[in-house]
Amino acid sequence: MIKELLSTKEILGAFPIMKQLRPHLHENSYVELVMAAKESDGYRMFALFEQNKMAAVIGFKPMITLSSGKFVWICDLVTDQTIRSKGNGERLLSFVEEWAKENKFESISLSSGLERTGAHRFYEDKMDYTKTSYVYKKYL
């Protein structure tokens, strides 16, 4: 089952899994960031449940830019490390792809950390994503 996480309690329930992808986050700042992103950016968070237990989480937001047109940006995708490689990430990403098609988006984009070579293989080989650019970041 895939369910949108709407309440603070549901979003907080995803924290143990999300922390595996975003270890710098703390519970309080995590909830504040998710709620602010939902309010200001249209961020949406969904979880995949197996046997009533949260197994994977995805967060995304609809965007429009001159370079990409109308697209969906995947902000976060993480499967609980204890049950990886069982198709849960694929199911969630496919869910968002269908959501994007139904809502008339032209493409989906995401970034993946340089060290995450397993994730790169997943996106390129299994999910048919194409590497199109580098993402740069400057801390202020």
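The answer below starts with the overall picture and then goes through the salt bridges.

A: Happy to. First, a word on the basis: this is a predicted model, in which local features need pLDDT of at least 70 and side-chain atom pairs count only at pLDDT 80 or more, while totals for chains, interfaces and linings use all residues. Residues are numbered from 1 along each chain as its sequence is written, and side-chain values use heavy atoms, with hydrogens and water left out.

The protein has five helices and five strands, where helices (H or I, at least four residues) and strands (E, at least two) are DSSP runs numbered from the N terminus. Along the sequence they come in the order β-α-α-α-β-β-β-α-β-α. Buried residues account for 36% of the 140 residues; buried means under 20% relative accessible area, exposed over 50%, and partly exposed in between (1.4 Å probe, protein chains only).

Now to the charges. There are 20 positive and 18 negative side chains, and the centres of the two sets lie 3 Å apart. Lys and Arg count as positive and Asp and Glu as negative, leaving out His and the chain ends; each charge is placed at NZ of Lys, CZ of Arg, CG of Asp or CD of Glu. A search of the whole structure finds eight salt bridges, each being a side-chain nitrogen of Lys or Arg within 4 Å of a carboxyl oxygen of Asp or Glu.

One of them joins Asp76 and Arg22, at 2.9 Å from N to O. Asp76 belongs to strand β4 (residues 69-79) and Arg22 to the loop between α2 (15-21) and α3 (27-41), so this pair ties together parts that are 54 residues apart in sequence. Asp76 counts as buried at 10% relative accessibility, whereas Arg22 is partly exposed at 25%.

Another salt bridge is between Asp41 and Lys61, with the closest N and O atoms 2.9 Å apart. Here Asp41 lies in helix α3 and Lys61 in strand β3 (residues 53-65), so the parts tied together are 20 residues apart in sequence. Asp41 is partly exposed, with a relative accessible area of 39%, while Lys61 counts as buried at 17%.

Glu90 and Lys126 also meet in a salt bridge, at 3.5 Å from N to O. This pair links distant parts of the chain, with Glu90 in helix α4 (residues 88-102) and Lys126 in helix α5 (residues 117-126), 36 residues apart. Glu90 is partly exposed at 29% relative accessible area, and Lys126 is exposed at 53%.
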